[in-house]
Amino acid sequence: MVEKALLMIILLRIFSGSVDITAAMLMYKFNDLEKAFYINTLLALVGPCVLIITTGIALFGLAEKISLSRMIFLFSGILCILYSLKSD
């Protein structure tokens, strides 16, 4: 039997992949660079959200096995990744 936390992560990743595929099909359908750029910009919002949510679910599921300091370091790493994506 699959753990609830693992099942939620799997479902979120399937959703995320479906959004990416749908966006690619829309880009192809519209055949317009400006619209493709806009769609791609919207995808940039989905990726980090899925990353944060899946990591949070995993850490919540592993809360008994991972120390508080390791959780803090993991979330700090995620915040650094997100910060580096926003900075120019």
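Which residues of helix 1 are buried? Select Ile9, Leu12, Ser16 and Ala23: those are the buried ones in helix 1. Buried here means under 20% relative accessible area, exposed means over 50%, and partly exposed is in between (1.4 Å probe, protein chains only). Helices are DSSP runs of H or I with at least four residues, numbered from the N terminus.

Before going on, some housekeeping. You're looking at a predicted model, where local features need pLDDT of at least 70, side-chain atom pairs count only at pLDDT 80 or more, and totals for chains, interfaces and linings use all residues. Residues are numbered from 1 along each chain as its sequence is written, and side-chain values use heavy atoms, with hydrogens and water left out.

Now show all of helix 1. Its 27 residues reach 39 Å from first C-alpha to last, close to the 39 Å expected at 1.5 Å a residue; the expected span is 1.5 Å times one less than the number of residues. Helix 2 is part of what covers the buried residues of helix 1.

Step off the end of helix 1 and click Asn31, in the loop between helix 1 and helix 2. Asn31 isn't a glycine, yet has a positive phi of about 50 degrees. Most residues other than glycine have a negative phi. Asn31 is also exposed, with a relative accessible area of 70%.

Next, zoom in on the start of helix 2. There, a side-chain oxygen of Asp32 comes to within 3.4 Å of the backbone nitrogen of Glu34.

Select helix 2, residues 33–61. Colour Ala36, Ile39, Leu43, Val50, Thr54, Thr55, Ile57 and Leu59, which are buried. The buried residues of helix 2 pack against helix 1 (4–30) and helix 3 (68–86), where contact means heavy atoms within 4.5 Å.

Last stop: which residues line the largest pocket? Pick Ala44, Pro48, Cys49, Ile52, Leu82, Leu85 and Lys86. Helix 2 and helix 3 are the elements giving two or more residues to this lining, and helix 2 gives the most, with four.

Technical notes: A polar contact is a pair of N or O atoms within 3.5 Å; within protein, one must be able to donate a hydrogen and the other to accept it, and residues adjacent in sequence count only if both atoms are side-chain atoms. On a 1 Å grid over the protein atoms alone, a cavity is a set of points where a 1.4 Å probe fits but cannot get out, and a pocket is an open set with protein on both sides within 12 Å along at least five of seven lines; lining residues have an atom within 4 Å of a point.
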